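Trainee: I have a new structure open and would like to go through it with you. May we begin with the ligand and then turn to the sheets?

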Amino acid sequence: MATKPAHGLATHKKGPSSVSTYKTLDSPVQYVKGVGERMSRVLGKLGIFDVRDLLYHFPRRHEDRSRLARIGNLRGGEEVTVAGTIVAVDNVRPRTGLVITKVAIDDGSGVATLSWFNQHYLKDRFFKMRGREIIAYGTAQVGRWGIEIQSPEWEEFKEDTDPLSAKRVVPVYPLTEGLFQGTMRKIVTNALDGYIDLVPEVLPEDLRDRLDLMDIKEALRNMHFPESMEALEAARRRHVFEELYLLQLALALRKREIDTPGHGISFVIPDNWKETLRSVLPFELTGAQQRVINEIASDMARPDCMNRLLQGDVGSGKTVVALAAILIAAGNGYQSALMAPTEILAEQHYLGLSEMLSSIDIKVDLLIGSMTAREKRAALKRIASGETSLVIGTHALIQESVEFAKLGLVIVDEQHRFGVLQRAALKGKGLNPDVLVMTATPIPRTLTLTVYGDLEISIIDELPPGRKPIKTHWKTADERDRVYQGVRKLIAEGRQAYVVCPLIEESEKLQVKAATEIYEHLASEVFPDLRVSLLHGQMKTWEKEMVMKSFRAGETDILVSTTVIEVGVDVPNASVMVIEDAHRFGLAQMHQLRGRVGRGEYQSYCVLVADANSDDSAARLRVMTQTNDGFTIAEEDLKIRGPGEFYGTRQSGMPALNVTDIFRDIPILELARKEAFEIIKRDPKLTDPSLRALKKDMLKKYKDFQLAAVS
Ligand code: ADP
Ligand code: MG
């Protein structure tokens with residue numbers, strides 16, 4: 001039972017009404033003036049549940065209605081907002097199945113025609129609005145009857161009654177069914193008026209002053225209802241900075257935790273290791289290889305943990321760089337583990353490296369899922385006893401049963417095919433081993449500053465001498481016979497060919513079926529006189545081994561394969577690759593595949609057989625024919641797919657960036673990175689009281705980063 005207050009005065013009765021007046025940013029959006037229960041359900045469809053969600057539901061774009069375009073001045077080609085009175089409405093039917101609704105508006109300077117396709121019901125709606133003013137946004141074009149705007153966005157223009165959509169910069173929000181711009185504008189205004197004082201400022205004042213960043217309240221207001229386009233830009237800059245600053249703080253902390261000084265292994269660089277390396281290599285190292293090897297060696301010599309990303313285009317020779325690191329580790333009595341994403345690649349590394357290392361008495365073992373239990377047991381024993389110096393394998397390496405005697409170096413090849421957890425698991429097999437991750441596809445700067453922002457980066461920007469750029473052609477399906485004739489000619493010259501089968505992502509079974517069909521067709525009808533083999537992921541390990549061995553030895557002319565050969569496979573005599581149904585492949589993947597040729601002295605070719613069925617696929621195919629440069633391709637890929645889809649960023653535990661435009665905002669990204677890394681250097685635990693709010697936000701947002709030192 002409640003006790004009576006000692007002072008005896010009447011207390012306020014706590015009821016539902018006082019709950020709703022107790023305002024926080026976590027209050028349900030329903031309590032914002034003008035929302036209510038029904039509208040809150042509509043807002044829920046947009047992911048808006050509480051007041052904070054609403055305040056941070058930013059407009060898709062803004063329209064500068066303080067400077068409406070005059071129809072009479074338009075030249076065509078520009079994106080414009082115009083306002084005019086509806087003077088005529090009609091539906092026209094230029095051919096069967098097509099209805100165009102045309103609406104003429106007059107703004108005093110001229111008349112523009114707005115048109116919509118196959119929405120005949122619009123006619124009645126506009127007809128009823130004759131004589132009223134509407135506002136329209138779209139691309140102006142010069143048509144037969146003057147200025148036309150196709151499929152514009154529009155709304156009624158109620159200048160007198162609705163100050164939120166009148167002569168000013170007006171927000172245009174992402175909407176959902178049952179929600180109109182006008183309503184949204186009102187609700188947001190009410191939320192701003194009622195709650196903005198509750199929004200905490202997380203950026204310290206001195207930082208804001210120094211970098212000329214708006215304070216949070218002003219920035220929020222201006223994100224919605226900017227005083228001018230300039231104010232909008234400044235508000236955006238503030239939000240982008242905050243978003244990236246939090247991210248960079250998290251990255252700086254993670255990096256600091258990884259390389260806490262003195263916790264790693266200080267490898268002693270053996271005096272003669274470069275001679276040893278040279279003695280096992282059949283070629284001279286390129287300048288770029290030497291440079292990155294030196295970078296790695298000096299990392300390994302430091303008492304901190306190496307955490308380095310080696311980036312180098314397909315065929316640039318990353319494997320020997322890994323070998324150099326392995327030699328250093330072995331020279332210090334440490335084991336190395338090299339993890340590759342496919343069994344074929346692991347086997348190839350195993351064959352190549354064990355051959356090179358046999359002369360200098362370094363014991364190499366292979367560990368892949370398809371080995372027999374007995375083989376595995378024997379290998380595991382040698383690994384655990386320390387007899388093995390280098391273990392090469394697939395995901396099988398991170399299985400629980402794998403124990404190392406003294407793991408000092410972890411190398412992950414084609415690292416974008418692994419998730420962070422898998423990399424961490426392999427690292428966890430040793431006691432603070434050095435880590436080198438390698439990737440064939442260069443990573444655009446935006447990602448090296450974000451997702452990979454806690455890694456040091458080495459770049460091989462030079463191919464081994466004598467390589468000729470691959471010539472890439474795009475052919476349609478009915479030109480296939482000519483393509484095969486070309487392949488035949490190259491084989492007659494002594495080369496070998498890959499034919500890559502269509503990608504069928506939905507089902508491995510279907511993919512294998514397609515590959516088998518193509519193989520049978522080629523072997524019995526097109527090239528009955530040549531040696532054709534088939535390779536796919538469902539074959540037994542020994543079968544795959546045999547096929548690859550025979551192809552490597554030049555005993556197979558044409559290898560028909562699924563994407564199992566996508567990464568790493570290295571047969572320099574193969575000089576032509578035909579990719580069937582190339583439109584089904586992503587850019588990065590095609591570039592990787594293409595990298596299987598052009599690895600030797602011969603002029604190489606890549607033929608993309610595809611009937612492009614969308615603008616996207618045509619764009620990808622065109623990029624492939626235009627450039628061999630992995631960097632350009634990676635940037636194009638990022639543009640087409642967006643950063644979220646890119647290189648397993650989704651597995652990386654990184655929350656999405658909401659306001660940042662990863663292409664446009666690189667200067668802010670660099671600034672935020674510099675500031676964040678500096679502050680972590682000065683105040684590694686973020687103990688300064690002015691950083692308290694910031695720290696709290698960061699830890700909440702980046703909880704998956706497990707920032708132990710500050711949490
Ligand atoms: P990637 O960077 O794609 O992993 P690899 O390490 O597989 O490239 O090397 C591609 C090919 O180039 C291999 O056949 C390798 O032996 C060869 N190679 C690597 N470095 C050199 C070099 N410095 N000179 C000549 N050939 C080299
Ligand atoms: Mg490789």
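Predicted model: local features only at pLDDT ≥ 70, side-chain atom pairs only at ≥ 80, totals over all residues.

Trainee: Which of the residues around ligand 1 come nearest?

Mentor: Of the 16 residues around ligand 1, the nearest are Gly315, Lys318, Thr319, Arg467 and Asp570.

Trainee: What lies 2.7 Å from an oxygen atom of ligand 1?

Mentor: A polar side-chain atom of lysine 318 lies at that distance from a ligand oxygen. In the side chain of arginine 467, an N or O atom is likewise 2.7 Å from an oxygen atom of ligand 1. Glutamine 289 places a polar side-chain atom 2.9 Å from a nitrogen atom of the ligand.

Trainee: And how much of ligand 1 does the protein bury?

Mentor: Taken alone, ligand 1 exposes 570 Å², and the protein buries 86% of that.

Trainee: Now the sheets. In what order do the strands of the six-stranded one run?

Mentor: That open sheet has the order S16-S21-S20-S17-S19-S18, with parallel pairing.

Trainee: Why is one side of S16 and of S18 left without a neighbour in the sheet?

Mentor: Strand S16 (471-475) and strand S18 (532-535) stand at the edges and each has a single partner strand, so one side of each lacks a neighbour there. Neighbouring strands of this sheet are turned by 15° against each other on average, direction ignored.

Trainee: How many bridges join S18 to S19?

Mentor: Four bridges join S18 to strand S19 (residues 558-561), and the two run parallel. Within that pairing, serine 533 has leucine 559 in S19 as its bridge partner.

Trainee: Which strands does helix H19 lie across?

Mentor: Helix H19 (residues 587-594) lies across S16, S17, S20 and S21, running at about 150° to S20. Helix H20 (residues 615-626) lies across S16 and S21, at about 150° to S16.

Trainee: What about the seven-stranded sheet, please?

Mentor: Its seven strands form an open, parallel sheet in the order S11-S12-S10-S13-S14-S9-S15. The edge strands are S11 (364-367) and S15 (456-460), each pairing on one side only. The twist from one strand to the next averages 20°.

Trainee: Which residue stands opposite serine 336?

Mentor: Leucine 390 in S12 stands opposite serine 336. Strands S10 (residues 335-339) and S12 (residues 390-393) pair in the parallel sense over four bridges. Helix H13 (residues 373-385) lies across S10, S11 and S12, at about 135° to S11.

Technical notes. Residues numbered from 1 in each chain as written. Chains lettered and ligands numbered in written order. Heavy atoms only, no water. Near = heavy atom within 4 Å. Polar contact = N/O pair within 3.5 Å; in protein donor to acceptor, adjacent residues only side chain to side chain. Areas by Shrake-Rupley, 256 points an atom, 1.4 Å probe, with all protein chains shown as cover. Pairing = 2+ DSSP bridges. Axes fitted to C-alpha atoms, helices over the stretch in contact; angles between N-to-C directions. Contact = heavy atoms within 4.5 Å.
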